[in-house]
Amino acid sequence: MSSEVAARRDAKKLVRSPSGLRMVPEHRAFGSPFGLEEPQWVPDKECPRCMQCDAKFDFLTRKHHCRRCGKCFCDKCCGQKVALRRMCFVDPVRQCAECALVSHKEAEFYDKQLKVLLSGATFLVTFGNSEKPETMVCRLSNNQRYLILDGDSRHEIEIARISTVQILTEGFPPGEKDPPTYTSLLGSQPASEGGNARATGMSLQYAAPGAEGVTQLKLRATEDANASRRQATAWLAAMHKATKLLYESRDQ
């Protein structure tokens, strides 16, 4: 990819919305798959009372809209200002108690797991039915839209084209036959988590541009060095979190 195309793909602009300042992609097509659209606010005339505590709005009890869900609340029920990075807000914004709790939980992904995914890790990578793995560094692109694999060859997999992600583990508890599977685009409910299994790899299926059917890709942590293996395990754990977040965003 040329530097000009990469710069265009990662370009951002500052915009002002009714909810506050947002730093969004210059081109909408290059937005992060983890992002959420701003909700439509419930019209003032349709909410004479707080949608949480039922307090009647008047001159003293003013109404406020939650920037995440768009519903209407009194100041007591919508007084927290919390970072909302999934909507690209520059500053913390007003949210109701329920939405603020969700945003606090998501902050861990942006502060920790996302940085791990962007840094990348080394894996043994197998494409399709090939029996010969290639040592490659796998990382998330800066705009969060692609998995980039670098080795003797280079591949880019668009996150939106991934249909199934399966975290491969070892050491699951008795009675659990399969590792957790997360289906990102097909609408299936992800399998429940459990046990003290350690992630050792990842298997995913995606639709390659111009190809019929789906392509399978497997990543396995290398056995070369403890530091490299720890980094790979951390990357897989971060991808586990990312897959859950993607599933939840498509379910909203």
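Helices (H or I, at least four residues) and strands (E, at least two) are taken here as DSSP runs, numbered from the N terminus. On that basis, the secondary structure of this chain comes to three helices and 14 strands. The structure is a predicted model, in which local features need pLDDT of at least 70 and side-chain atom pairs count only at pLDDT 80 or more, whereas totals for chains, interfaces and linings use all residues. Residues are numbered from 1 along each chain as its sequence is written, and side-chain values use heavy atoms, with hydrogens and water left out.

**The chain as a whole**

- Of the 252 residues in the chain, 40% count as buried, where buried means under 20% relative accessible area, exposed means over 50%, and partly exposed lies in between (1.4 Å probe, protein chains only).
- When contacts (heavy atoms within 4.5 Å) are counted between residues at least 6 apart in sequence, 49% of them join residues at least 24 apart.

**Helix 2**

- Helix 2 runs over residues 97–119, and its 23 residues should span 33 Å at 1.5 Å a residue, which agrees with the 33 Å between its end C-alpha atoms; the expected span is 1.5 Å times one less than the number of residues.
- At Gln-113 the helix bends by about 35°, the bend being the angle between axes fitted to the seven residues ending there and the seven starting there.
- Gln-113 is also one of the buried residues of helix 2, which include Cys-99, Ala-100, Ser-103, Glu-106, Phe-109 and Tyr-110 as well as Leu-114 and Leu-117.
- An α-helix has 3.6 residues a turn, so residues three or four places apart point the same way.
- Gly-120, which follows helix 2, has a positive phi, near 85°.

**The largest pocket**

- The largest pocket has a volume of about 780 Å³, and 30 residues line it, of which Val-24, Pro-25, Gly-31, Ser-32 and Cys-88 lie nearest its centre.
- The elements that give two or more residues to this lining are helix 1 (3–10), strand 1 (12–17) and strand 2 (20–25), and strand 2 gives the most, with four residues.
- By class, the lining has 12 nonpolar, six polar and 12 charged residues, with Ala, Val, Leu, Ile, Met, Phe, Trp, Tyr, Cys and Pro counted as nonpolar, Asp, Glu, Lys and Arg as charged, and the others, Gly among them, as polar.
- On a 1 Å grid over the protein atoms alone, a pocket is an open set of points where a 1.4 Å probe fits, with protein on both sides within 12 Å along at least five of seven lines, and lining residues have an atom within 4 Å of a point.
- Grid points are joined across faces, edges and corners, and the volume is the space filled by probe spheres set on the points.

- Cys-88 lies in the loop between strand 5 (80–82) and strand 6 (93–95), where its phi is near 65°, a positive value in a residue other than glycine, and its relative accessibility of 26% makes it partly exposed.
- Gln-144, in the loop between strand 8 (134–140) and strand 9 (146–150), has a positive phi of about 70° although it is not a glycine, and at 14% relative accessibility Gln-144 counts as buried.

**Buried residues and their contacts**

- Ser-17, placed in strand 1, is buried with a relative accessible area of 15%, and beyond residues up to four places away in sequence it touches Arg-22, Glu-38 and Phe-89.
- The C-alpha atoms of Ser-17 and Phe-89 are separated by 9.6 Å, although the two residues are 72 apart along the chain.
- Met-136, found in strand 8, is buried with a relative accessible area of 1%, and its contacts outside four places in sequence include Phe-123, Phe-127, Leu-149 and His-155.
- Between Met-136 and Phe-123, 13 residues apart along the chain, the C-alpha separation is 5.6 Å.
- Tyr-206, in strand 13 (residues 198–206), counts as buried at 9% relative accessibility, and its contacts, leaving aside neighbours within four places in sequence, include Phe-127, Ile-157, Arg-161 and Leu-217.
- Ala-208, in the loop between strand 13 and strand 14 (215–221), is buried with a relative accessible area of 18%, and leaving aside neighbours within four places in sequence it is in contact with Arg-161 and Thr-215.
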